[in-house]
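Here is a short briefing for a first look at a protein model. Keep the sequence and the 3D view open as you read.

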Amino acid sequence: MAGFIILILLAGACGVNRIVVDVKFPPKYTFSSEITHLALISRITDSLSVPDNIQKPMVLDGGLKKGAGGILIEDQILKGMQNELAGHDLFRVVGKEKIFSTDTLPLFPKPVDPFKIMKIGKTFLADAVFSIESVQVTTSDSSSSFVNKFHESQNKIWSNSIVYDIRDVTYHNATLEVVVQLHWRIYSTVDGLVLFEGVFPDTVTYEVQGNSREDARRKLPSYVNAIGRAGYHAGSLLAKTISPNYETVSRFYYRGAAGDMREAVPLVKFRKWDEASAVWEKAMKSKNKKYRAMASYNLALVSEMKGDLNNAKA
């Protein structure tokens with residue numbers, strides 16, 4: 001709150017500019033710099049087959065498929081992970097493998113045998129193995145409706161009054177919710193031991209509107225397609241926990257009332273942060289306490305742009 005008050009006071013005297021920037025956020029899990037090549041594996045069974053026309057809530061442990069050429073949820077999860085990691089230069093996916101058995105695994109099975117992990121590492125020349133140990137999928141659907149009065153003018157005036165045709169219009173909504181829980185581990189291929197493990201939940205909700213309850217439900221994706229998309233989405237978000245992420249945000253910076261501080265304005269416009277920092281570093285030596293405060297705030301913004309959140313907070 002104090003920082004917010006300071007911003008208002010300084011802004012009133014010296015003015016601020018607004019910019020939209022991509023801020024880099026560090027990953028939740030970090031590795032040694034030596035780990036750059038990853039192998040993705042799935043331990044999910046595919047013994048549970050679900051028809052496309054299923055019309056009831058369900059809970060599935062294991063994999064999901066639709067016929068011989070249908071959607072396998074483990075494929076979608078691994079695809080989401082691989083595509084997300086491909087967008088970053090921190091890791092390279094060097095291989096994928098399925099090591100599931102024909103029996104349904106518990107929600108969090110025992111770790112893979114270390115020798116098997118080391119063998120996978122040698123096969124793909126991987127530094128670590130990212131494993132989907134098991135998955136739980138829960139779906140639920142619901143329908144609802146509401147009545148809204150629709151007023152249509154008849155353009156008739158009787159005794160200085162406009163006559164309306166008032167009708168009740170019923171809207172029908174249908175909702176399908178897919179909850180995916182991924183149980184995952186990351187293994188080192190040096191000794192086959194677990195580096196990180198956890199449970200990653202994700203929810204995808206579809207909501208549509210129709211002229212009738214049946215019309216609305218027809219507009220929903222099939223259960224199989226919805227679960228496949230949810231698997232891809234969950235896999236993509238899980239991969240983000242080990243990769244730096246960028247978020248587009250709106251920020252303000254002090255442009256200063258006059259003098260050297262103004263030199264940074266065109267530099268910020270073209271995102272030349274190093275050059276702008278040089279201007280603000282110079283302002284930090286000013287005898288004017290207000291200028292030093294503005295420069296300090298702007299330099300913290302630069303640290304945030306570069307992903308150095310600790311320095312930005314300092």
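In which loop is serine 243 found? Serine 243 is in the loop between helix H5 (223–240) and strand S8 (245–254). This is a predicted model: local features need pLDDT of at least 70, side-chain atom pairs count only at pLDDT 80 or more, and totals for chains, interfaces and linings use all residues. Residues are numbered from 1 along each chain as its sequence is written, and side-chain values use heavy atoms, with hydrogens and water left out.

**Overall picture**

- The protein chain has nine helices and eight strands. Helices (H or I, at least four residues) and strands (E, at least two) are DSSP runs, numbered from the N terminus.
- Of the 314 residues in the protein chain, 40% are buried. Buried means under 20% relative accessible area, exposed means over 50%, and partly exposed lies in between (1.4 Å probe, protein chains only).
- The accessible surface of the protein chain comes to about 17,700 Å². Carbon and sulfur atoms hold 53% of that surface. The areas come from the Shrake-Rupley method with a 1.4 Å probe; for residues, only the protein chains shown count as cover.
- Take the contacts in the protein chain between residues at least 6 apart in sequence: 75% of these join residues at least 24 apart. Contact means heavy atoms within 4.5 Å.

**Serine 243**

- Serine 243 counts as buried because its relative accessibility is 0%.
- Leaving aside neighbours within four places in sequence, serine 243 is in contact with Pro27, Leu85, His88 and Phe91.

**Nonpolar cores**

- The largest nonpolar core has 39 residues. A nonpolar core is a set of buried Ala, Val, Leu, Ile, Met, Phe, Trp, Tyr and Cys residues joined through side-chain atoms within 4.5 Å.
- Strand S2 (37–42), helix H2 (73–86), strand S5 (128–158), strand S6 (161–188), S7 and H5 each supply at least two residues of this core.
- Met81 and Ile242 have the most contacts inside the largest core.
- Not counting residues up to four places away in sequence, methionine 81 touches Leu40, Phe130, Ile132, Gly235, Ser236, Leu238 and Ala239.
- A second, separate core has 21 residues, including Val23, Ala283, Tyr291 and Leu299.

**Aromatic pairs**

- The whole structure holds seven aromatic pairs. Rings of Phe, Tyr and Trp (its six-membered ring) pair if their centres lie within 6.5 Å; planes under 30 degrees apart count as stacked, over 60 as edge-to-face and the rest as tilted.
- The rings of phenylalanine 31 and phenylalanine 196 are edge-to-face, because their planes stand at 90 degrees, with centres 5.4 Å apart.
- This pair links parts of the chain 165 residues apart. Phenylalanine 31 is in the loop between strand S1 (16–25) and S2, while phenylalanine 196 is in strand S7 (residues 194–210).
- Phenylalanine 31 is buried at 18% relative accessibility, whereas phenylalanine 196 is partly exposed at 23%.
- The rings of tyrosine 254 and tyrosine 297 have centres 5.2 Å apart and planes at 70 degrees, so this pair is edge-to-face too.
- Tyrosine 254 belongs to strand S8 and tyrosine 297 to helix H8 (residues 289–305), 43 residues apart.
- Tyrosine 254 is buried at 2%, but tyrosine 297 is partly exposed at 33%.
- Ring pairs link Tyr29, Phe31, Phe91, Phe130, Trp184 and Phe196 into a cluster.

**Helix H3 and its ends**

- The buried residues of helix H3 (residues 114–124) are Ile117, Ile120 and Gly121. They cover an arc of only 100 degrees around the axis, so they sit on the same side of H3. The arc is that of the directions from the helix axis to the C-beta atoms.
- Phe115, Lys119, Lys122 and Thr123 are exposed on the other side of H3.
- Aspartate 113 caps the N-terminal end of H3, with a side-chain oxygen 3.0 Å from the backbone nitrogen of phenylalanine 115.
- Just after H3, leucine 125 takes a positive phi of about 55 degrees. Leucine 125 lies in the loop between H3 and S5 and is exposed at 67% relative accessibility.

**Glycine 95**

- Glycine 95 is in strand S4 (residues 92–98) and is buried at 11% relative accessibility.
- Leaving aside neighbours within four places in sequence, glycine 95 is in contact with Leu38, Ala39, Leu40 and Phe124.

Definitions and conventions:
Polar contact = N/O pair within 3.5 Å; in protein donor to acceptor, adjacent residues only side chain to side chain.
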